[in-house]
Amino acid sequence: MAGDLFEDLHYRMSTYQLKFEILKLGLPTELPPLIIYTPSFSSHDPIVDEGSINLGRSRIYIRRVAHIQLGDDEVVVAHGDIGVANGAIAHLVDRVGSLVGRKLLVEEKVKEKLNLRNQWLIMGHTHIPGLDTTRRIGNPGSWKSAWGKWLPYWRKPTYSLIFYDGKSFRLVYPLKTI
C-alpha cells in the first residue's frame, strides 16, 4: 500500500491506534501474510512511527521507504510525497509530463532523489497508474472514489494495481472503472 489509505487522519497516532483505524476500513478478511504500508507524510494518512501491526494472520509493516527483495529484483516502495509534497501538484506534473512524452515523471525524479539505479521504484501519490519496465518505475494508480462518504473525489478511481508474478511486474485492472 503506497499511502493515501485514509482521508482525514493526518495527525500523530500510535501504531496501536492505527490498527483500529485499519480495522474500520472493512478490508477483506483474507489478506496476504505480509503487507507493506508506506503512508503519506504530507496529507491524508496518520503520522506514525515506523513499526508493524498484527492483523490476524497478516502483518503490516509501516515504513517511510520500504526496501524489499522480490525474486531477483530489489524493489523500493514509497508514497511519493518525498518528491513533491502536494499530491495535486504531483498529479499535474505527471499529466503534463505525459503530454510531452515523459510519463511517470514524478516517479522518475523520486527514483533519482533516492539514488536508485537498478532497483524498482513503486510509488503512489499522483493517483495515475503506469509501469515502465525499462526505467523500472511504476505507480499502481488509485482506488479512491469519494471524499468521506458522499462527495465524489476530483479524480476517478483507476482500480488498478501492480502485480508481481515471481518473474515480472504487470499493471492490472481487476475492476472496470466507472
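Mentor: Strand β5 covers residues 73–78, and five of its six residues are buried, so the strand is largely enclosed by the rest of the structure. Buried means under 20% relative accessible area, exposed over 50%, and partly exposed in between (1.4 Å probe, protein chains only). Strands (E, at least two residues) and helices (H or I, at least four) are DSSP runs numbered from the N terminus. This is a predicted model, in which local features need pLDDT of at least 70, side-chain atom pairs count only at pLDDT 80 or more, and totals for chains, interfaces and linings use all residues. Residues are numbered from 1 along each chain as its sequence is written, and side-chain values use heavy atoms, with hydrogens and water left out.

Consider the partners of β5. Strand β4 (residues 65–70) pairs with β5 in the antiparallel sense over six bridges; two strands pair if DSSP finds at least two bridges between them. In this pairing V65 stands opposite A78. Two residues lie between β4 and β5 in their hairpin, and G71 in the turn has a positive phi of about 60°. Strand β6 (residues 120–123) runs parallel to β5, joined to it by four bridges, and I122 of β6 stands opposite V77.

Beyond the strand, H79 lies in the loop between β5 and α2 (87–99). H79 is buried, with a relative accessible area of 2%. Not counting residues up to four places away in sequence, H79 touches several residues, among them A2, D4, T38 and M123; contact means heavy atoms within 4.5 Å.
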